[in-house]
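Hi everyone, thanks for making time for this one. Let me bring the structure up, and then I'll walk you through a few spots I'd like us to look at together.

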Amino acid sequence: MQGLRLDLCAKNRMGLLSDITRVLREYGLSISRISLGIRNEKAVGSIYVTDAPGHDISPSTVELVTKEIGESVIVVHKSQK
């Protein structure tokens, strides 16, 4: 899978997915794949993102996105091409 994998573990709440996708869109990122589920009261899963042309995103953008999402714990993994 091309792009960066963001692993998400956050308290599940109404509108969480909408908020996450809004933040990604505001930073010009595209989701190439997403896999989310609910475990107890937590939303957990992975989101693969690239910039609009399909390239990896910069570390500074990753930092801004993770700060913006805030309540979520996100671990970033560079994918293997």
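Let's begin with Ser46, which sits in strand 3, the stretch covering residues 42–51. One thing to keep in mind as we go: this is a predicted model.

So, is Ser46 buried or exposed? It counts as buried, because its relative accessibility is 18% and the cut-off for buried is under 20%. Its side chain has a polar partner too: the side chain of Asp7, at 2.7 Å. If we set aside residues up to four places away in sequence, Ser46 touches Arg5, Leu6 and Asp7, and also Arg33, Ile34, Ser35 and Leu36.

Leu36 belongs to strand 2, and at 36% relative accessible area it is partly exposed. Together with Leu17, Ile31 and Ile34, Leu36 forms a nonpolar surface patch with about 310 Å² of accessible area. Which element gives the most to that patch? That would be strand 2, residues 29–39, with three residues.

Now for the inside. The largest nonpolar core has 17 residues, and the ones touching the most other members are Ile20, Leu24, Val49, Ile57, Val65 and Ile69. At least two core residues come from each of strand 1 (4–11), helix 1 (16–26), strand 3 and helix 2 (59–69).

Note on methods:
Residues are numbered from 1 along each chain as its sequence is written. This is a predicted model: local features need pLDDT of at least 70, side-chain atom pairs count only at pLDDT 80 or more; totals for chains, interfaces and linings use all residues. Side-chain values use heavy atoms; hydrogens and water are left out. Helices (H or I, at least four residues) and strands (E, at least two) are DSSP runs, numbered from the N terminus. Buried means under 20% relative accessible area, exposed over 50%, partly exposed in between (1.4 Å probe, protein chains only). A polar contact is a pair of N or O atoms within 3.5 Å; within protein, one must be able to donate a hydrogen and the other to accept it, and residues adjacent in sequence count only if both atoms are side-chain atoms. Contact means heavy atoms within 4.5 Å. Patches are made of residues with over 30% relative accessible area and no salt bridge: like charges are joined within 9 Å, nonpolar side chains (Val, Leu, Ile, Met, Phe, Trp, Tyr) within 5 Å. Accessible areas come from the Shrake-Rupley method with a 1.4 Å probe; for residues, only the protein chains shown count as cover. A salt bridge is a side-chain nitrogen of Lys or Arg within 4 Å of a carboxyl oxygen of Asp or Glu. A nonpolar core is a set of buried Ala, Val, Leu, Ile, Met, Phe, Trp, Tyr and Cys residues joined through side-chain atoms within 4.5 Å.
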